[in-house]
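Reader: I am new to this structure. Could we look at how it is put together?

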Amino acid sequence: MSDQLSQQYLISLGNQFGTPLYVYHAEKIKQQYAKLTTAFKNSDTKFFYACKALTNINVLKYICSLGANVDCSSINEAKLALHAGFPSDRILYTSNGIAFDEIAEAVSLGIIINIDSLSNLEKFGQTYGRSYPVGIRLRPNIMAGGNLKISTGHDRSKFGIPVDQIEKVLDLVKKYDLNIADLHIHTGSEIKDVDVFVKGIEILFDLIPKFADLKFIDLGGGFKVPYKEGDSETNIDELASKVKEAFANHPNPGGRPLQVWFEPGKFLVSECGYFITKVNVIKQTDAATFVSVDSGFNHLIRPMFYDAYHRIENISNPNGQPKRYSVVGNICETDTFAWDRTINEVREGDYLVFYNAGAYGFEMSSNFNSRYKPAEVLVKDNQAHLVRRRDVFEDLLRNQIEL
Ligand code: LLP
């Protein structure tokens, strides 16, 4: 099957499974993963899929079958990863601001842990001392990423222990004889400039000699994917050669070889995803022609939350006259997907497809307005599998306690 699912095929899926519908194309995930492993084939590198982007269990199983590792942002993601078949030594839990109970649970599961506060590091030391290797998430004070809301490494960010507090980290390491196995940084999402990663490495190189047990450095995720027409993704070949070069310039930092880790989320699953919606209503006004689809920010929050751009196509009328539309949802709030966008003439009942919807699409959806969450379909080996049924009315009441 080609790189992209065809419009005709997407129409058939819309007809078969109804809309709104998330569709994921497994082969695209495989292709993205191969780009990473091919570029880094001569380096000691591991990739941990940042599964916060998309945790459908079948997607996790598929990514596990490719040989990737997984990065989790909650203990439940870690449990999903175990359920999907990842062995505990392929599961990384990069925690942030969590209660120590979760760290204890992560230890009991035997997974790899990155701790992001002095407070939890101290508790970890008191409880486990050197008995369990642990990583430290640092805040490198680097500004990067496509939008302030997805920038995590800058000097006002809550994430990680600020690098300027490294002496305090070292005091704890000494006090509890901690076995610090990795140093982690993650600067943000949608980083096209590979020099940002190199800058991160440079910061870590200065710190590496201070940690005697270090085996890994973890540079986080954040590779850019092309959302807009004409956009390009992070050049992974260039990244691989620059990382290699950085190590060549600092041979054997701290006196031992180090494995490099990355945690890509969007890069693996953004482009595999299609969100198919149906046009409910077209409303002509002086300001705009509004196209209301059978969805809203309850299903795809990225445009409203991050001003994110998703390419939209009218797959039901691909040769229609291009016109300008505001594409909006049907919920009782302003839920604009696209302002003043050129799309082939839209008629009520047409299917509009949002591209690059695999990452942080379904995953950030909600039941706002008591609407149902969409169904999800995984296309694998030319076969479409329903991998989550659409909500039904009972789902809205499922956890409620009626008095
Ligand atoms: N590692 C850590 C520690 C992270 O916090 C993240 C993302 C990643 C890896 C993966 O980043 P990615 O490769 O997916 O860019 N919901 C936002 C993105 C938030 C990312 C949060 N952390 C969006 O839809 O753009």
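This is a predicted model: local features need pLDDT of at least 70, side-chain atom pairs count only at pLDDT 80 or more; totals for chains, interfaces and linings use all residues.

Reader: Into which domains is the protein chain divided?

Author: The bounds come from a domain assignment. Residues 40–266 make up one part, and residues 273–397 the other. These are domain 1 and domain 2.

Reader: How far apart do the C-alpha centres of domain 1 and domain 2 lie?

Author: The two domains touch, with 18 residues from domain 1 and 16 residues from domain 2 in the contact. Their C-alpha centres are separated by 33 Å.

Reader: What area is buried between domain 1 and domain 2?

Author: Carbon and sulfur atoms give 54% of it. Six residue pairs are in polar contact across the two domains. The buried area is about 1700 Å².

Reader: Which residue forms a salt bridge with glutamate 190?

Author: The count between domain 1 and domain 2 is one salt bridge. The closest N and O atoms of the pair are 3.0 Å apart. The partner is arginine 302.

Reader: How many charged residues are in the lining of the largest cavity?

Author: One cavity reaches 30 Å³ or more, and the largest holds about 40 Å³ of space. Ile185, His186, Thr187, Val196, Phe197, Gly200 and Leu219 line the largest cavity. By class, four lining residues are nonpolar and three are polar. The number of charged ones is therefore none, as Asp, Glu, Lys and Arg are what count as charged.

Key
Residues are numbered from 1 along each chain as its sequence is written. Side-chain values use heavy atoms; hydrogens and water are left out. On a 1 Å grid over the protein atoms alone, a cavity is a set of points where a 1.4 Å probe fits but cannot get out, and a pocket is an open set with protein on both sides within 12 Å along at least five of seven lines; lining residues have an atom within 4 Å of a point. Grid points are joined across faces, edges and corners, and a volume is the space filled by probe spheres set on the points. Contact means heavy atoms within 4.5 Å. Buried area is the accessible area (1.4 Å probe) that two parts lose on being put together, summed over both. A salt bridge is a side-chain nitrogen of Lys or Arg within 4 Å of a carboxyl oxygen of Asp or Glu. A polar contact is a pair of N or O atoms within 3.5 Å; within protein, one must be able to donate a hydrogen and the other to accept it, and residues adjacent in sequence count only if both atoms are side-chain atoms.
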